[in-house]
Amino acid sequence: MNRRPLRFFALAYAAAVLWLTVGPAPWRTTGNQLEGGILNPDAWTATVTWTTGYLSEMVFNVAMFVPVGIFAALLVPRRRWPLAIAAGFAFTAVIELIQVPELDRVSDPRDLVMNASGAVFGVVLVLVARMVRRAGAIVSHLPGTADAASAVRDAAPAESEVADDRRLVGATSDRTAARRAA
């Protein structure tokens, strides 16, 4: 598989996410950031961290990082999928760390958890897709199943054969009816 286009799209998506999360914000961000953001242990245990915020914001944070997990899982070797999870977590951790000193950004533990969850979900989607594809490949190589569809197709009579059989049956029944009438 040629990974060059995949790398390009992954880098373009990462740049877009960085621009959205740490670039200049045209809006005024207000939040509940405690001093130090995710570096402050009190931010992780404060009830305001986990009880405030909009559900739509949380869903957006998860959804924004699902492609990050997908790209990471597709770019690392199959057996090294834990690296894809680590890459997704590292990417969101870097973003949240960059946001700590920014005045117009909020470094929030909830964001870190939601973003990392999205990346993990993306990796899991790729793993499931690979398992389904592998299961399909295994089933197609089992004896008697590789040609099952073609065997059914070959066993079914062609439309012309069916029409010939109908004419033959019709002709036979016409002869039988003529003999009985005579």
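Reply: The following account concerns helix α5 and its two described contacts, with α4 and with α1. The model is predicted, so to speak of local features requires pLDDT of at least 70 and side-chain atom pairs count only at pLDDT 80 or more, while totals for chains, interfaces and linings use all residues. Residues are numbered from 1 along each chain as its sequence is written, and side-chain values use heavy atoms, leaving out hydrogens and water.

Helices here are DSSP runs of H or I with at least four residues, numbered from the N terminus. Helix α5 spans residues 81-99, and its axis comes within 8 Å of that of helix α4, residues 55-75, crossing at roughly 140°. Axes are lines fitted to C-alpha atoms over the stretch in contact, with angles from 0 to 180 degrees between N-to-C directions. In contact, meaning heavy atoms within 4.5 Å, F65, V68, A72 and A73 of α4 meet A84, A87, G88, F91, T92 and I95 of α5. By class, this contact has 8 nonpolar, 2 polar and no charged residues; Ala, Val, Leu, Ile, Met, Phe, Trp, Tyr, Cys and Pro count as nonpolar, Asp, Glu, Lys and Arg as charged, and the others, Gly among them, as polar.

Helix α1, residues 4-22, packs with α5 at about 30°, the axes being 10 Å apart. That makes α1 roughly parallel to α5. Here A14, V17, L18, T21 and V22 of α1 meet F91, I95, I98 and Q99 of α5. The residues of this contact divide into 7 nonpolar, 2 polar and no charged.

Methods: Angles under 35 degrees count as roughly parallel, over 145 as roughly antiparallel, 65 to 115 as roughly perpendicular and the rest as oblique.
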